[in-house]
Amino acid sequence: MNTSNLIKNLSLIILMLSFDLFKSQNSDALFNFPGYDDLIGKTFSVQQFSNIKDENFSVTNLSGKPTVINFWSTICEPCIEEMPHLNNLYQELNDSAHFIGITFSTKEKVDKFLLKHTFLFDLITDADYKLIEQNRITRFPMTILLDKDQKITYVLGQVNAENVALIRKELKK
């Protein structure tokens with residue numbers, strides 16, 4: 001191995017160890033996806049979406065409580081893995097927060113999916129790809145937390161055992 005490759009490898013190892021150390025020291029904080037910090041504090045335009053009954057959501061319907069918006073897909077394995085965590089959060093905080101799942105999958109695919117999997121959120125199906133692009137949803141799953149005024153507070157990836165308690169804490173603020 002030449003010196004240049006050795007230095008690159010050592011730099012990478014140091015960077016990884018530094019991140020792990022930083023993460024362990026800050027395990028009581030949620031982290032935004034990189035590249036989404038400019039969305040924090042902005043209003044999420046939920047009125048551009050309609051539910052499976054073809055009724056548009058309204059900001060006034062959601063105001064007064066924090067909101068969890070989860071972008072998911074019926075063919076996304078990490079999305080399926082996070083559903084029990086999201087369902088538990090929904091059951092615990094149902095009266096004190098709104099929960100919306102948005103997918104570009106068709107209503108028919110979602111109905112078939114729900115025969116095998118439980119997802120307790122209000123669901124928006126057939127989301128237009130333009131709306132997903134407009135909201136910079138670049139991967140699934142992606143979860144956006146909104147405060148009671150519907151301002152974005154966090155943009156997260158997969159919900160898991162490590163971050164669900166922090167999400168719960170954030171929603172109870």
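F119 is buried, at a relative accessible area of 6%. Buried means under 20% relative accessible area, exposed over 50%, and partly exposed in between, with a 1.4 Å probe and protein chains only. The model is predicted: local features need pLDDT of at least 70, side-chain atom pairs count only at pLDDT 80 or more, and totals for chains, interfaces and linings use all residues. Residues are numbered from 1 along each chain as its sequence is written, and side-chain values use heavy atoms, leaving out hydrogens and water.

Now the rings. The whole structure holds 8 aromatic pairs. Rings of Phe, Tyr and Trp (its six-membered ring) pair if their centres lie within 6.5 Å; planes under 30 degrees apart are stacked, over 60 edge-to-face, the rest tilted. W72 and F119 have ring centres 5.2 Å apart and planes at 80°, so this pair is edge-to-face. W72 sits in the loop between β1 and α3, F119 in the loop between α4 (107–114) and β3 (122–124), so the pair ties together parts 47 residues apart in sequence. Helices (H or I, at least four residues) and strands (E, at least two) are DSSP runs, numbered from the N terminus. W72 is buried, at 0% relative accessible area. Ring pairs link W72, Y90, F99, F113, F119 and F121 into a cluster.

Next, helix α6 (residues 164–171). Its V164, L166, I167, E170 and L171 are buried. They cover an arc of only 160° around the axis, which puts them on the same side of α6. The arc is that of the directions from the helix axis to the C-beta atoms.
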